[in-house]
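Hi everyone, thanks for making time for this. I'd like to walk you through one structure, so please have a look at it first.

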Amino acid sequence: MIDVELESVSKRFSRSGEAAAVDDVNLTIGAGEFFTLLGPSGCGKTTTLRMVAGFYFPTQGHIRFGGQDVTRLAPNKRDTGMVFQNYALFPHMTVAQNVAYGLKVRRVSRAESSRRVNEALAQVHLDGYGSRRIEQLSGGQQQRVALARALVIRPRMLLLDEPLSNLDAKLREETRTEIRRIQRDAGTTSIYVTHDQAEAMAMSDRIAVMQAGRVQQIGSPREVYHQPATAFVARFIGRSNVLSLPVTAADTTTVEVALPGAGTIASGAPEGHGLRTGDTALVSARPEHIALAGPDDPGVIRGRVTALEFTGMATHLTVDIGAEGGEVTVAAVDVPGRVDVGDRIGLRLTAERLWVVRP
Amino acid sequence: MIDVELESVSKRFSRSGEAAAVDDVNLTIGAGEFFTLLGPSGCGKTTTLRMVAGFYFPTQGHIRFGGQDVTRLAPNKRDTGMVFQNYALFPHMTVAQNVAYGLKVRRVSRAESSRRVNEALAQVHLDGYGSRRIEQLSGGQQQRVALARALVIRPRMLLLDEPLSNLDAKLREETRTEIRRIQRDAGTTSIYVTHDQAEAMAMSDRIAVMQAGRVQQIGSPREVYHQPATAFVARFIGRSNVLSLPVTAADTTTVEVALPGAGTIASGAPEGHGLRTGDTALVSARPEHIALAGPDDPGVIRGRVTALEFTGMATHLTVDIGAEGGEVTVAAVDVPGRVDVGDRIGLRLTAERLWVVRP
Amino acid sequence: MTAASSTVPSRRVALARRLAGGANAAWFPYLMVAPLVLILWGYVVQPMLATFVESVSEDGVSNYTQFFTSAGVARTSLITSLAISVASVVLCGVVGVAMAFLLKRFSFPGRRLIEAFILVPAALPPLIGAISFQLLYSEIGILPRGLQRLFGTESPVLAFDGIAGVLVVHTFTMYPFFYLAASAALAGLDPSIEEAAYNLGAGRVRVWRTVLLPMLTPAMVSASLLVFMTSLASYTAPLLFGVDQTMTMQIYINRTNGDLPMASTYASALGLVSIAFLLLMRWYEGRRSYLSQSKGISARRREISNPVGRWLAPVASVLAAIVLLAPVATIALVAFSEDGSWTTEIIPSAYSIDNFVTIVSEPKAFQPILNSLQMSLLATAGCIVIGVLIAYAVRRLRFVGRSLLDIGVMIAWALPGTVVAINLISAFSTGNSFSFGQALIGTFWILPLAYFVRFLPLVFRASSASLALIDPSLEEAARNLGASWFRAFLNITVRLMLPGVIVGALLAFVHGVGEFVASVLIYTSSTVPISVAINNRMYSFEIGTAAAYGMLQVVLIFVVMWFSSRLENGGGRAAARQAEQWTN
Amino acid sequence: GSENKDSASAGASGKPAEKIVVYSARDKKVTDFVVEQFVAKHPEYKGKVEVLNMGAQEVLERTRAEKANPQGSVWWGGTQQGLSAGAGDGLLEAWQPSFAGQMDARYKDAQGRWFGEILLPEVIMYNNKAIPADQAPKDWDDLLDPKWKKKVIIRDVAASGTMRSIYASMIQRLSKDGSNPQPGYDWLRKLDANTGDYAANPTDLYVKMSREQGVLSAWNLQDILLQSEQSKMPFGYVMPASGAPVLVDGVAAIKGGNTEGAKTFIEFLFDGELRAKLAKDFFQIPAVPISEKPQWLADLNLKPMDVDWDVIAKNETQWINHWNAEIKNKG
Ligand SMILES: Nc1ncnc2c1ncn2[C@@H]1O[C@H](COP(=O)(O)OP(=O)(O)OP(=O)(O)O)[C@@H](O)[C@H]1O
Ligand SMILES: Nc1ncnc2c1ncn2[C@@H]1O[C@H](COP(=O)(O)OP(=O)(O)OP(=O)(O)O)[C@@H](O)[C@H]1O
Ligand SMILES: [Mg+2]
Ligand SMILES: [Mg+2]
């Protein structure tokens, strides 16, 4: 069942020239679905969310909840619980009063309300902070209050605008599990905005990747990760290498391309890719699907390490593979101690994991 | 050369009972060092930074810059460039005016100032936004203005309080490279607050891990990652599994422990660990150092998969290994399609990567 | 930064370092506050203490105990005055906030004109202003008599008298305190807080009740204090509507009786009640924080979907403006009517411009206007400098005695104007160190000084209220970027306080131009203010010419309002943009 | 008298004239007129006479507050009570002007600190558009007639020196030595019953009278005549059969001011020619005899009430306070 529908919604902040903040967006979100808006800073995620919440009116297009047009419905009639990107906590209330506000509006009894407030504060690990003033909290604590305030009212729809951006990884993981649990239990349709791909991947039923106000791809996490529609999506989700390679053969779902100095390799491709032999295909290859090899091993792309970055779980190597290919990033869980910047190295691609993308 | 020194610095917000926000912190930061404060939400990172910037006075202790006591020096005499966690942008100025403010104070000529402002805006990918009002920017864009404003004055010390928390991964990476470049070029001592371990790992010369106002460990990224001092650090940096295992043998830097139903294994240990045969050791094992195996392979710990989480680059499996061990999380780059929640599975630990931690 | 040469600093170096703490050091608040305290002490507090001293000079205790004995006039007066003040606060609050809501939350053609208009009642010249209310609402007023004719009743309908009349006058003349404070605060409010409340399901009324109004607390407190104290010290309205069991009437009567100590006792009691109210308000405001903790700056944009609201707002605003402007219109009516042509008629029967001709044909007709302008501007400038600094000190700096500083500023507002003037005369009739050894009485300077002393509270309170909404971390950011305390204060804090400061300055200016009770005691022949000029006409019952003068004053004030409202909006460009956003 | 003139100019002929600051409770028209005449006669004072117009009570307040460094020279216009209070506070210069000899002792201070300038008979005032002259009350007691219920407007008493005097006289009228104010109180209570409203100030009184909120009042003759002649107000007056209390309104030189100038100015005020003009144009009844009386004054059948001001001075505060607390608005 479709719960939320955005039909060619656009939002323009000024009448004059400037590009639209949200440009002809079409989305349908099912009831109980956990839907994520993902995209670079300034791409229009908040603007979209605020239109759904009713704080902006679309310049064009319609928004429907359960089939009913709510484009211009007052925000307080929409029963959405929103976590604002800037928190928007009530500074004149204590933490507990902030969280209880929505319950009071809903005339929940005092006892029930205080029970639920405590529960919500516990969910975000703020037990015992109920009587503090907002200004006495750290940034992350404030963000958690904002989250608790939205969760506690059990709205029919959750709108979460980067609700975890100021939390540490550990807490973020715990909290997102909590959010997912609550959301699943109640079947709450949720729209989640994040700039964190891992988070989007881990939580979402579906993801819409936006860029400059437009939706680039909508799909399940695996789809957007493994079968990115465009080079932008490939690069944006994880750090994909997008290589321009000459096509040596093509059928409906596979394209064979030539690797620089390493023979040919088959890559997956979306239907209707329209590539023919002789064309240049954009092929995305994820760092973790490129294995390190000796520079002189057979069938490898040869290059020179230009940068090494330790990120904890894996080390990212940037390898210069010469003029055509440019630079390629490789993720290696265990980098042999001897590899260093400047070293020559060989790279081996995994055929099943390549994917042809649109520019 | 020591540039910044915190000598048993404490900060208490209320005289009465409540715990100190920062509790007896000792730090020394070298000139030109990129030093990171890492810790869970509310652990006192911002408070520490604000004391260094001169906005809070320590309840106890001293802060020295280059050997000189600055504990109570006026903030404007410290020549630090700070990115505030809440941005603290001037609402009555345009983007360019905000960025130019510090230059104006420093009497930089108009031409020079406008050149540097443009450069700084370009560094944070906000070219062309100079004449906008702050309120017309998205959250991430505002954060970038705050960053540009601090960078442009080329202070002798940079204090960055989660300056990238609202940016997408791609931009965050680009920006942090930029920050690092600027910081290295000018030899700017920097204190960086982040909740993002990967970021801390990638950028820092050294990291201080804080918890509840106290410093738990100070060390290079590799040290805190591979040789965490305490169970807290192990769990906080990346997602380590901390297993309580009986010690079967011990020398100064190695401890041998018994795995549940899988023989014994040697683990690294800090000097002076004080463990003896028969004690129980806390051993940390990183998910990526645990390999998946068949449930019936020899020498594996057997368990049952209780959760699967796709995070893009790797998939995290949570495996229940029975009463003593509790649950263990494993990261797998390629999970065989057949593994699913409920399946039995075997886990194999890598000896060189285990480490004994304090509780 | 160069490293200290010695690691064991001598005491002198340690001291130097302490001093180098600048605006951060523990002593800084005291250093900054010291000159302010001195100014307050010399020009405000110490002169006003004379009243208290006089009240206890002879049989002081028995004077004060009168307030506690049940039968006495003293107690009744105190209670009546208190009741009137509280009721005035409530009424002004309702009207002022409602007007702020209508005019600041909606945009419609002519809004800015109405905005400039509705402040005019605050600028009504005293006396003629009060009479205009009588001519409107009392038994002989246009409205009751008009209704009488309409319904054909025996006596005038809906005639205000007694306390009701006083409250009408108070509401009309003092609601601008609330209107101005509320609109400045509304403009400075973080819009996302309001959005959050809507999002949580609260309806418009509830949002106002639970979020907007509480967030306006600093502004409301500031306005309440001003209205409360003004009502308590109000004299003309109770006089005109014959409510003589009030504190101010008792002060006047006791002075006429020659019982100066008793008069001072009343005045001191007035001051004490005001101080008590002030402390209560400070406590109330201090319980919570009103500073938005939001990250970054949220967009100022709420789009009005409700078509009813779209139409209702302008209609309601225009209606309200008409009602509020009625007294001015009445003055105009008087100014343009022929002498003796308006007795039992509902409106005058004959019109002329003779009154204006009379004024203009006088050689020095405009001198009083120029005098008033000049003196008010001077005083306002002083109020701005000192008021803003004190507001900053009281709100932002941590030092012992902040409440005392607050009380010190407000005390001159709590006392009736006559008392203030008499105190100033006593203090400055001979030279003292605060007047640089000169006797200020009989010079030009005494009037601006009196206006300064009287109207400092207006700027102080308005600035203080707007400061409550400004995030201190903005100033910190500026300091961090290298700005000295003073520079950060000017560039950031004062700039952001500006709406509040302008509001305060406007009020101070308008009140300065209209000030009468104190002026009449200290003016000199070369500094005749317009209020005295008007009063001289009134005294000889030249109501027509007095009204004509009053009209000039009203026009003057209107022009000032009009320009200042442009100033406040940061020029027409910003105003246009804002309007565009609101209507979208 | 013409002899005053000589002494005045004699005093001024020596050194250059100093500024004279006049605090006046008189109408601006009167002060402007008088100053013009004064300067014409004493050219050395041209541009040196500054008149500050204010209420009588304000003159007292101001003079009192400036005691340490007096700014004013002449106190012009004030009731007997106000001037006495000022004299009592030591604010006024004692002297003997040339005209003092002709003045009735009742109209001046025994020690020469103030002198009555004009006499203000307090009479019954009525709206002659609303009441035909023959139906107007003839005496004070007629004001109590129930047919005037709510038809009387009284300038509020406690804050007005004039009204206090009238009311005190009404009490003293019924108790010569002031020992028993009760009959007076009862009388005032009945008047209160007929009083529709108390006016805040003279202007308010005129407005309310002209607009017929009430049609009767007790007011001073001079103002009634001024209003009806100059402002076309529908006011008439009745000289009460039992007599009108006559108040003295006076002038004084302020101690410590420009006493020289003040004396010259005050002497000039009693100039016969000037007095005659003031009587004619401003309906003033001078406190000294004048030779050429205008018609209205000659026709005026002034019947002074026999008021013992000493008794009143002793009791006024107490009586008026009683009236204010117990009688006003309670009848
Ligand atoms: N003004 C204050 N009054 C009282 N307590 C405060 C105040 N500011 C912060 N605290 C408390 O001090 C502790 C440390 O706060 P701080 O802001 O330093 O945390 P942080 O490490 O920056 O956290 P985050 O990552 O959430 O921003 C927190 O528990 C917080 O609640
Ligand atoms: N009030 C406004 N006036 C004009 N432009 C605006 C306004 N608000 C946002 N924009 C612009 O619209 C675009 C989309 O903004 P939006 O806040 O939706 O971005 P976002 O995707 O939420 O970004 P972020 O991740 O940085 O929060 C941005 O380029 C921003 O500059
Ligand atoms: Mg956003
Ligand atoms: Mg923080």
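This is a predicted model: local features need pLDDT of at least 70, side-chain atom pairs count only at pLDDT 80 or more; totals for chains, interfaces and linings use all residues.

**Ligand sites, and a few other spots**

Staying with ligand 2, A:Thr47 brings a polar side-chain atom to 2.5 Å from one of the ligand's oxygen atoms. From chain B, a polar backbone atom of B:Gly140 is 2.7 Å from an oxygen atom of ligand 2. The protein covers 93% of the 630 Å² of accessible area that ligand 2 has on its own. Which elements give two or more residues to the shell around ligand 2? They are α1 of chain A together with α4 (139-152) of chain B.

In total, 21 residues surround this ligand, and the closest are A:Thr46, A:Thr47, B:Ser138, B:Gly140 and B:Gln141. Which chains do the residues around ligand 2 come from? They come from chains A, B and C, so the site is shared between chains.

The magnesium ion, ligand 3, has A:Thr46 (OG1) and A:Gln85 (OE1) as its protein donors, lying 1.8 to 2.1 Å from the ion. A:Thr46 belongs to helix α1 (residues 45-53) of chain A, while A:Gln85 is in the loop between β6 (80-83) and α2 (95-105) of that chain, so the pair ties together parts that are 39 residues apart in sequence.

Now over to ligand 1, which lies between chains A and B. Of the 20 residues around ligand 1, those that come nearest are A:Ser138, A:Gly140, A:Gln141, B:Thr46 and B:Thr47. Let me pick out some of the polar contacts. A side-chain N or O atom of A:Ser138 is 2.6 Å from an oxygen atom of ligand 1, and a polar backbone atom of A:Gln136 is 3.1 Å from an oxygen atom of the ligand. On the chain B side, B:Lys45 has a backbone N or O atom 2.8 Å from an oxygen atom of ligand 1. Here the protein covers 90% of the 630 Å² of accessible area that ligand 1 has on its own. The elements giving two or more residues to this shell are α4 (139-152) of chain A together with α1 of chain B.

And what are the protein donors of the magnesium ion that is ligand 4? They are B:Thr46 (OG1) and B:Gln85 (OE1), at 1.8 to 2.1 Å from the ion. B:Thr46 is in helix α1 (residues 45-53) of chain B and B:Gln85 in the loop between β6 (80-83) and α2 (95-105) of chain B, so this pair ties together parts that are 39 residues apart in sequence. B:Thr46 is partly exposed, with a relative accessible area of 22%, and B:Gln85 counts as buried at 12% relative accessibility.

While we're in chain B, have a look at B:Arg116, which is found in helix α3 (residues 110-123). This arginine is buried, with a relative accessible area of 10%. B:Arg116 and B:Leu167 are 51 residues apart in sequence, and 23 Å apart in space from C-alpha to C-alpha.

Let's finish in chain C, starting with helix α24 (residues 530-539). Nine of the 10 residues in this helix are buried, so α24 is largely enclosed by the rest of the structure. Among the buried ones are C:Ile530, C:Asn535, C:Asn536 and C:Arg537. After α24(C) comes C:Phe541, with a positive phi near 55°.

My last stop is on the surface. C:Val37, C:Trp41, C:Leu49, C:Phe52, C:Val53, C:Val56 and C:Leu272 form a nonpolar patch there, with about 600 Å² of accessible area together. Which helix gives the most to the patch? That is α2 (residues 28-55) of chain C, with five residues. C:Phe52 lies in that helix, and this phenylalanine is partly exposed, with a relative accessible area of 38%.

That's my tour, and I'm happy to go back to any of these sites with you.

Methods:
Residues are numbered from 1 along each chain as its sequence is written. Chains are lettered from A and ligands numbered from 1 in the order in which they are written. Side-chain values use heavy atoms; hydrogens and water are left out. Patches are made of residues with over 30% relative accessible area and no salt bridge: like charges are joined within 9 Å, nonpolar side chains (Val, Leu, Ile, Met, Phe, Trp, Tyr) within 5 Å. Accessible areas come from the Shrake-Rupley method with a 1.4 Å probe; for residues, only the protein chains shown count as cover. A salt bridge is a side-chain nitrogen of Lys or Arg within 4 Å of a carboxyl oxygen of Asp or Glu. Helices (H or I, at least four residues) and strands (E, at least two) are DSSP runs, numbered from the N terminus. Buried means under 20% relative accessible area, exposed over 50%, partly exposed in between (1.4 Å probe, protein chains only). Donors are N, O and S atoms within 2.8 Å of the metal (3.2 Å for Na, K and Ca); water is not among the atoms, so sites may look incomplete. A residue is near a molecule or strand if one of its heavy atoms lies within 4 Å of it. A polar contact is a pair of N or O atoms within 3.5 Å; within protein, one must be able to donate a hydrogen and the other to accept it, and residues adjacent in sequence count only if both atoms are side-chain atoms.
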